[in-house]
Amino acid sequence: MTDASMENPGTGRRATSLTASDERTLKRAKAEKRFRLYGIIAIATGLFFLVVLFASILKEGIPAFTRTVVSVEFTLTEPQRAEAESTLFKTKAYSDLFITELNGKLAESGISVDFDEAAIERLLGKVGGTIRTFYSENPDQVGEPINFELAASSRVDGYFKGRVSRDTLQDSRFLQLSDLDLVDALTEAGVIKQVFNWPFITGADSGVDNPGGAGIGASVVGSFFMMLVVLALSLPIGVAASIYLEEFAPQNKFTDLIEVNISNLAAVPSIVFGILGLAVFIQFMHLPQSAPLVGGLVLTLMTLPTIIISTRASLKAVPPSIRDAALGVGASKMQAVFHHVLPLAAPGILTGTIIGLAQALGETAPLLLIGMVGFVARGYPDGFLAGFTEPNSVMPAQIYTWAARADVGFYEKAWGGIIILLMFLLTMNIIAIILRRRFERRW
Amino acid sequence: MNDMSRVERQVDANEIKLECRDCQVYYGDNHAIKDVNVDIEDKTVTAFIGPSGCGKSTFLRCLNRMNDTIDVARVEGSFKLDGEDIYDKRVDPVQLRAKVGMVFQKPNPFPKSIYDNVAYGPRIHGLARNKAELDEIVEKSLRRGAIWDEVKDRLDAPGTGLSGGQQQRLCIARAVATEPEVLLMDEPCSALDPIATAQVEELIDELRSRYSVVIVTHSMQQAARVSQKTAFFHLGNLVEFGETGQIFTNPEDPRTESYITGRIG
Ligand SMILES: Nc1ncnc2c1ncn2[C@@H]1O[C@H](COP(=O)(O)OP(=O)(O)OP(=O)(O)O)[C@@H](O)[C@H]1O
Ligand SMILES: [Mg+2]
């Protein structure tokens, strides 16, 4: 090369100005511009879909967070109670009292409308029973004014949310056209109100014909306990396995085989893990069915490869000179890893962990196989330990169950459930980001 | 100065600290070190010189078993520190490296504070009984690394935030903090300015009173200034090993002569 330039010095050199760019430079600049444009288009497309997705989730899901209630202030005196308790149809007596109260309210606002007990039942369910149960549980409340907020039936709720309209309504045992007049009247009197749907957030799943009573709270708890299991098992096992494979294991055929297998495991469809869990954990080991513990075990199997692969990648990314430095001052291999390599790899490990956990959180299919279906989530566990072993569901399975139900009232619940699921995920990510910040260092 | 010290050199007949016999290093199929025999004396500075890629770093890394960390590297031969084989199965490389410290070719401070960089070795070896002693060790080491004045006000700053030359001196301070008996230095001055180089050379001279120092260098002048013994490597062979003065003034091998006069390299 030296010789070549010696032979004919200055050939091919033209007097060019720096301000006038030549053809090649222009071409390169154009290519770069085009590439940037592609990038911007790609990002814009992605953003567009994201916005559409979020908009539709919010549009469909927000109604799940409000509910229609009939709110009536009601005072039951001791003689009234005694009288009601002495009748043969006790709940009917209570519901008569309630209807009287309601009529009073309507009269106060100068609205008159005809309705019977059956209409009230269609609107509010068994009111008498609800009231009676309340007073038998809180006998000291007798004589005090109590504000009852009674959930309106899902059709009534649908009437307010546009699912049910006068034109399309066909009289049925669930709702009749005349009931809507009553509903309108009650709304005018301020008795029917839209309130924030706390029971949706704190409640458990309801029966197939009661979408109004369905809540996601129990399955949030189920997801929480399941994720605890996944985190507690997959993080330590995954990190320990990666450290061993990356820093200590000899390079031979056997470790190569393990490596290939781990990579393949990451690509196994999750339902395979589900059927494995069913066979091993439930049928063979006789662990309880539908338990978050088992769900956690199954998803740990699924999450481990993700965590191992990302942990190994971040361990590899730590410059070897750091290991040399530690070994050079007489640190043992283990000290070098734990004092120097691991802290540097921690942000990457966390990222991998959060990706793995997010996958696990959104997993449905394998959990359906081990019985964590939505309708199992009928209540809260009795305690912390019971949270792991008592039958429960998880958010995505609950959402799936709702979406599959016939009653259209469940449709908005499914969307609302997705909002809660995303919020759960967001919380997890925020915690991870905060932890990441703490670990992040430069070298 | 050279002549004076040469006289002194010949008078000193130091004990052999590290005895290396028939040493071979293979990187897979690459035979990187061939039949090297070297005696590294106590209280002596030994310089390794030679063209790039001739195996100086490789040989240096054999002396504290840093090659153990390279999977493809295979070391053969006998290496005896004070008469004990350092590749013996019973030898824990951790203990060996506490005795044989190392400064690497590229500065590699820990991504921790300057203080922690220096204090790490003493901490894991339990050299300080309390914080005051540790502070003292850190200060002394940083002074010996010729960097104390520059960092004394920011011991909590990250070591990686220093300039390249400062980082290298920090690494030297870190290496001397554990009080090794042998200090291996792989081109410690390649990133240093002349002033810092002079300071490091002063340190090397000072260390010589107690330890043995092995220094790899590409600077003939440096080798001539600081070392008493010089080994010239070429293509994995130890071509010549002897008194520094003799190697530089009257080399036996023609390859040595052409290298130090700048004709091969
Ligand atoms: N980690 C390694 N894996 C494989 N081969 C290596 C490795 N390190 C060094 N070698 C080879 O060993 C030979 C000697 O390298 P070494 O680093 O010892 O040279 P050197 O004399 O220190 O050179 P320089 O002066 O440039 O630092 C070279 O041929 C190099 O390619
Ligand atoms: Mg080298």
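Colleague: What should I know before I start?
Modeller: In this predicted model, local features need pLDDT of at least 70 and side-chain atom pairs count only at pLDDT 80 or more, while totals for chains, interfaces and linings use all residues; side-chain values use heavy atoms, with hydrogens and water left out. Residues are numbered from 1 along each chain as its sequence is written, and chains are lettered from A and ligands numbered from 1 in the order in which they are written.

Colleague: Which protein donors does the magnesium ion (ligand 2) have?
Modeller: Donors are N, O and S atoms within 2.8 Å of the metal (3.2 Å for Na, K and Ca), and sites may look incomplete because water is not among the atoms. Here they are B:Ser57 (OG) and B:Gln105 (OE1), 1.9 to 2.4 Å from the ion. B:Ser57 lies in helix H2 (residues 56-62) of chain B and B:Gln105 in the loop between strand S6 (100-103) and helix H4 (114-125), so the pair ties together parts 48 residues apart in sequence. Helices (H or I, at least four residues) and strands (E, at least two) are DSSP runs, numbered from the N terminus.

Colleague: How many residues of chain B are in contact with chain A?
Modeller: Contact means heavy atoms within 4.5 Å. By that rule, 24 residues of chain B are in contact with 19 residues of chain A.

Colleague: Which residue forms a salt bridge with A:Asp324?
Modeller: A salt bridge is a side-chain nitrogen of Lys or Arg within 4 Å of a carboxyl oxygen of Asp or Glu. The partner is B:Arg61, with the closest N and O atoms 3.8 Å apart; the rule finds one salt bridge across this interface of chain B and chain A. Helix H3 (93-99), S6 and H4 of chain B each supply at least two residues of the side that touches chain A, and the largest share, four residues, comes from H4(B).
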